[in-house]
Amino acid sequence: MFDQLSDRLQATLSDVRSRGKLSESDVDAAMREIRLALLEADVNFKVVKAFTKTLKERCLGADVLGSLDPGQQVIKIVNEELAALMGGTGSELAFASSGPTVILMAGLQGSGKTTACAKLARFLREEGKKDVALAACDVYRPAAVEQLVTVGGRVGAHVYEKGTDADPVEIAAWALEQAKTERRDVLIVDTAGRLHVDKDLMEELADIRKRIKPHDVLLVVDAMTGQDAVGVAESFAEAAEFDGVVMSKLDGDARGGAALSVKAVTGKPILFASTGEKLEAFDRFHPDRMASRILGMGDVLSLIEKAEQQIDEKQALDLEQKLKKNQFTLEDMLQQMRQVRKMGPLSGILGMLPGMGAMKQLKNADIDEGQLDRVEAIILSMTPEERANPTLIKGSRRKRIANGSGTRPQHVNQLIKQFDQMRKMMRHVASGKALDPQQLAQMSGGAPRPKIRRR
Amino acid sequence: MVERLEHEVEAGKVPAEGDAVQARLIEILAEVAATARAPIDLSGEPAVLLMVGVNGTGKTTTIGKIAWHLSKEFGLSVVLGAGDTYRAAAAEQLAEWADRAGAELVRAEEGADPGAVAFDAVEAARVRGADVVIIDTAGRLHTQTNLMDELAKVRRVITKQLPGAPHETLLSIDATTGQNGLRQAKIFAEAAAVDGVVLTKLDGTAKGGIVLAIADELGIPVKLIGTGETLEDLRPFDPTDFANALLSE
């Protein structure tokens with residue numbers, strides 16, 4: 001996400017950084033570049049104008065130009081202003097003090113509301129262990145109710161639905177009654193996609209809002225929307241008085257103009273970002289962290305959070321013991337791999353590491369998750385004995401494992417070789433000896449590396 | 001385009017008056033929009049249409065509308081293939097449209113191989129002697145290489161089964177899409193040899209100006225436009241109307 005914008009801003013700023021002293025004309029030139037970069041990214045032109053104005057004023061302040069490292073100061077200011085543009089340190093959903101918290105979802109057709117409903121339900125369940133229910137109020141699009149029932153089922157949320165013959169306002173009110181009686185913590189109301197110029201449907205949305213008095217109204221916005229995003233957001237702000245935005249499809253190569261403009265135009269923050277096909281690909285939006293990512297400064301905070309969410313402390317301790325005693329098995333390797341993969345696709349994780357954006361070879365690389373699937377399949381085709389003691393694996397066992405995992409015997413060999421080298425290295429580490437660089441090289445060279453494809 | 005207009009005004013070909021310049025500008029825009037224009041090819045027996053596009057751009061709805069027009073207005077028999085086996089209830093959605101349009105539906109369970117569904121749909125159409133088969137696919141972001149590969153495979157399956165097919169591959173583009181639309185068209189064209197664009201959701205405030213860039217740079221014309229949620233809301237693309245709408249307030 002934001003790749004092109006990110007590239008241009010980073011190029012401009014590295015030029016600024018390389019200068020020992022900054023003159024006013026240097027700052028002017030940098031501002032011009034930033035302005036162009038933002039306009040190309042579909043950011044609303046009024047927003048761009050205001051943004052570069054503030055930026056320039058701050059950069060020309062005496063404490064910047066006179067400082068020892070003006071380039072560094074400018075980068076800091078751009079980072080801060082970019083974060084402020086997207087909403088500062090981030091905002092939270094409002095929760096009810098008693099009874100179910102009601103969240104109403106609205107948006108254009110195809111912006112991703114139904115998927116966002118399920119993802120949000122999953123997110124709230126995972127994070128707060130809350131009992132979340134969904135209400136199916138899209139009675140217009142064929143099979144919208146079925147879709148919500150299916151995805152709701154997948155994330156373990158109860159779905160209140162009355163088919164497509166009832167009135168959406170009535171369904172919403174009825175679902176709220178049910179949620180109250182059944183003591184749900186959260187009720188998320190899905191609505192039909194509607195054009196902001198469709199008077200009747202916008203009125204219906206306002207009616208639902210009046211009837212159920214939601215604690216939060218969220219507008220789902222497609223990250224690929226162009227200059228039209230601002231008009232859409234303004235109309236929805238009027239009819240639905242939304243409180244925050246869910247930015248969907250952020251995993252594409254959209255330049256993110258919508259994401260950067262919406263807060264500035266409507267004053268409503270982006271609360272969540274949806275970043276992939278899977279239901280887990282949904283997270284809180286942190287403007288400050290996103291700004292750092294755009295500027296190539298990485299997002300270590302999010303990475304740590306993700307790791308903390310996914311990695312079980314007890315398991316980690318067990319593993320440490322095993323490593324010390326050199327009892328690490330293929331079974332443990334499988335568990336490890338699964339934990340890392342739970343954090344999301346590897347390409348996403350790489351994006352959070354500082355400086356990764358600047359690494360050319362990783363730039364357009366696409367890590368083939370299929371390779372990891374293969375390793376998993378191979379280990380899963382082994383018996384518990386084989387996993388604990390891979391030396392057992394000889395001719396016929398190897399053949400069976402290859403057949404079972406749909407791979408070839410040489411793939412099985414490769415994996416075992418890689419695992420052996422890993423064990424050797426761990427023994428070294430555990431015994432406190434320094435690592436032999438040659439061994440390290442051998443390990444990375446001899447192992448089946450994830451295939452990196454260039455686009 | 002603007003350059004071309006400036007040249008013509010300077011050369012005196014177009015009088016330097018507001019109305020005349022605007023009229024000429026509309027002509028130029030319409031000319032670009034009409035690049036590589038061709039009608040939808042229904043000559044195959046059966047004619048195979050493949051629908052592709054990013055998530056939420058209106059593929060399934062468009063298929064419903066096309067099926068309705070073909071069967072109700074042209075009296076053709078239509079088979080629909082529910083190739084979106086990924087999204088929950090996508091096949092149910094298409095089933096509803098098939099029902100409204102009086103078309104037959106070929107579907108498989110969720111998670112099935114979309115190539116297999118495409119194969120079955122074409123096979124069913126051949127066996128029954130249907131005139132047209134339209135194959136739906138799951139929405140996918142053009143940045144997801146593995147999903148784009150899958151799309152290329154679906155296309156290969158169809159070609160293998162019926163040489164020359166798919167006779168028409170249509171890409172749906174949401175009119176509200178910004179500059180990203182050009183990237184979408186470029187990458188989808190590489191993976192699935194797109195013949196034409198269906199510009200959807202034109203009933204909002206968005207005008208879909210990005211299709212000009214698509215026609216100009218990639219030579220892919222807009223063939224149909226979607227203007228609403230009912231079966232009738234599908235029209236052939238008219239370059240002059242489009243150019244007029246682009247410039248109107």
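The model is predicted: local features need pLDDT of at least 70 and side-chain atom pairs count only at pLDDT 80 or more, while totals for chains, interfaces and linings use all residues. Residues are numbered from 1 along each chain as its sequence is written, and chains are lettered from A in the order in which they are written.

**Chain B as a whole**

Chain B has nine helices and eight strands; helices (H or I, at least four residues) and strands (E, at least two) are DSSP runs, numbered from the N terminus. With a radius of gyration of 19 Å, close to the 18 Å that the globule rule gives for 249 residues, chain B is as compact as a globular protein of that length. That radius is taken over C-alpha atoms, and the rule is 2.2 Å times the number of residues to the power 0.38. The C-alpha trace of chain B spans about 65 × 40 × 30 Å along its principal axes.

Two packed helices are described by the angle between their axes and the distance between the axes. Here the axes are lines fitted to C-alpha atoms, for helices over the stretch in contact, and angles run from 0 to 180 degrees between N-to-C directions.

| Pair in chain B | Angle | Axes apart |
|---|---|---|
| Helix 3 (residues 59-73) and helix 4 (residues 90-101) | about 20 degrees | 9 Å |
| Helix 5 (residues 114-128) and helix 6 (residues 145-161) | about 25 degrees | 9 Å |

Helix 3 and helix 4 of chain B are therefore roughly parallel to each other, a term for angles under 35 degrees. Helix 5 and helix 6 of chain B are likewise roughly parallel to each other.

Residues are in contact if their C-beta atoms, placed from the backbone, lie within 7 Å. Among the residues of helix 3 of chain B that meet helix 4 of chain B are Ile63(B) and Trp68(B), and those on helix 4 include Leu94(B) and Trp97(B). This contact divides into eight nonpolar, four polar and one charged. Nonpolar means Ala, Val, Leu, Ile, Met, Phe, Trp, Tyr, Cys and Pro, charged means Asp, Glu, Lys and Arg, and the others, Gly among them, are polar.

**Where chain A meets chain B**

In chain A, 33 residues are in contact with 26 residues of chain B. Helix 7 (144-155) and helix 10 (228-240) of chain A each give two or more residues to this side. The largest share, four residues, comes from helix 7 of chain A. The side of chain A that touches chain B holds nine nonpolar, 13 polar and 11 charged residues.

Conventions:
Contact = placed C-beta atoms within 7 Å. Parallel < 35°, antiparallel > 145°, perpendicular 65-115°, else oblique.
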